[in-house]
Amino acid sequence: MVKVYGLQPYYNVAKADDLVGRLVVGLAPHTSVGILGRIIGFTSLNVCYAHPVWHSAKRRDCDGDEDALMLALDTLINFSREYLPAQIGGIMDAPLLLIPVVNTKEVQRQAHDVDVAASYSAEFYEKTWEGVESKDVSSLIDIVEYRLGTEAQFEGFGYTTPVSDINLGNPESVYKRFKTMIEKLNSQLELAEKIKAVDAQEVALKVLTTHFIKDIAGNLRAFSTQAFRCKSCNRHFRRLPLRGKCPSCGGPLTLTVYRGGIEKYLEAAQRLVEKYNLPKYYSQRILLMKEEINTLFESKKPKQVSLTEFA
Ligand SMILES: [Zn+2]
């Protein structure tokens with residue numbers, strides 16, 4: 001503001017507290033849409049506390065991925081199409097659209113399901129003994145859904161576990177502490193095995209079908225339709241240039257999808273099937289993918305066979 005535009009500084013922030021009341025734009029990874037919010041305080045935990053509807057509008061269900069938080073003016077004056085990265089993935093992480101007002105009815109169901117009751121009735125506890133479906137007793141609990149369209153959708157939320165300090169929780173999501181997907185998975189399954197209400201086998205099957213098999217099959221497909229990249233200038237080519245090197249800088253060319261990338265989760269997928277005794281269909285599915293990978297990569301050099309070998 002001062003150096004480029006010759007104006008007065010806008011925020012004039014000297015200490016963190018000066019930011020309270022300021023507008024911010026929240027942006028979740030790969031969504032392209034920033035949501036307007038307001039800073040109302042700070043926590044010493046490595047989390048962002050906010051209204052469930054706000055988190056949901058960002059398309060975040062608190063699954064451990066990180067959000068960006070930008071001062072509203074920063075988002076406006078430092079945005080330019082000229083700054084956007086060339087790759088589509090980078091563009092998805094820029095606030096191309098801004099939502100100033102969130103329609104509470106249009107956010108994801110998870111935000112509507114948030115329990116804001118100050119107490120549970122005896123009837124609810126009795127129903128738990130009967131093992132009834134949660135959707136059949138949800139009317140006994142005060143959830144955000146029943147408050148939609150009224151002022152109560154924003155305020156007056158209750159809770160049943162009082163705390164003396166909002167900062168007493170877990171300082172950091174374990175999801176963030178683990179570096180690799182495999183570590184995250186093992187931890188998730190370890191937890192699933194401990195919780196009586198969770199069927200670890202079901203969790204394993206879900207991870208296998210929604211993540212691993214999709215990932216491996218997707219990368220396998222990507223390999224055969226892949227592009228080529230110049231190692232020096234990073235230009236991408238849909239087909240291998242006939243000259244065998246980069247036409248713009250002469251640099252060496254390389255593949256964009258590697259064998260390692262395809263096989264990354266193959267071992268883990270197989271272990272999952274064995275450990276949790278998952279249906280045979282899945283072990284066969286993995287075996288087929290393994291064979292396909294081998295056919296793709298193990299170049300069979302034509303071997304000269306001597307006639308005498310058939311004798
Ligand atoms: Zn090049």
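The paragraphs below go from the whole chain to its parts.

This is a predicted model, in which local features need pLDDT of at least 70 and side-chain atom pairs count only at pLDDT 80 or more, while totals for chains, interfaces and linings use all residues. Residues are numbered from 1 along each chain as its sequence is written.

The protein has 12 helices and 7 strands, where helices (H or I, at least four residues) and strands (E, at least two) are DSSP runs numbered from the N terminus. Its radius of gyration is 27 Å, well over the 19 Å that the globule rule gives for 311 residues, so the protein is more spread out than a compact globule; the radius is taken over C-alpha atoms, and the rule is 2.2 Å times the number of residues to the power 0.38. Along the principal axes, the C-alpha trace spans about 90 × 70 × 30 Å.

The protein is divided into domain 1 (16-153) and domain 2 (178-297), with bounds that come from an automatic or database domain assignment. Between the C-alpha centres of domain 1 and domain 2 there are 31 Å. Buried residues make up 12% of the 311 residues; a residue is buried if 20 or more other C-beta atoms lie within 10 Å of its own, exposed if 12 or fewer, and partly exposed in between, with C-beta atoms placed from the backbone. Of the contacts with a separation of 6 or more, 60% are accounted for by residues 24 or more positions apart, two residues being in contact if their C-beta atoms, placed from the backbone, lie within 7 Å.

In soluble globular proteins, nonpolar side chains tend to be buried together. A nonpolar core is here a set of buried Ala, Val, Leu, Ile, Met, Phe, Trp, Tyr and Cys residues joined through C-beta atoms within 7 Å. The largest such core has 14 residues, of which V207, L208, F212, A269, L272 and V273 touch the most other members. Two or more residues each are given to this core by α9 (200-224), α11 (266-275) and α12 (280-297), and the largest share, 5 residues, comes from α9. Leaving aside neighbours within four places in sequence, A269 is in contact with L208, F212, I213, I216 and I286. Apart from this core lies another, of 10 residues, among them V24, L27, V53 and V144.

How do α8 and α9 pack against each other, and at what angle? Helix α8 (residues 181-194) meets α9 at an angle of about 155°, with the axes 8 Å apart, where axes are lines fitted to C-alpha atoms, for helices over the stretch in contact, and angles run from 0 to 180 degrees between N-to-C directions. The two helices are therefore roughly antiparallel to each other, since angles over 145 degrees count as such, whereas those under 35 count as roughly parallel, 65 to 115 as roughly perpendicular and the rest as oblique. The contact is made by L185, Q188, L189, A192 and E193 of α8 together with A200, V203, A204 and V207 of α9.

Backbone angles single out two further residues. Most residues other than glycine have a negative phi, and most peptide bonds are trans. S32, however, has a positive phi near 70°; S32 lies in the loop between β1 (23-27) and β2 (33-38) and counts as partly exposed, with 13 C-beta neighbours inside 10 Å. N277 also has a positive phi, of about 50°, although it is not a glycine; N277 sits in the loop between α11 and α12 and counts as exposed, with 9 C-beta neighbours inside 10 Å.

Lastly, Y175 belongs to helix α7 (residues 174-177) and is partly exposed, with 15 C-beta neighbours inside 10 Å. The C-alpha atoms of Y175 and S139 are separated by 33 Å, although these residues are 36 apart along the chain.
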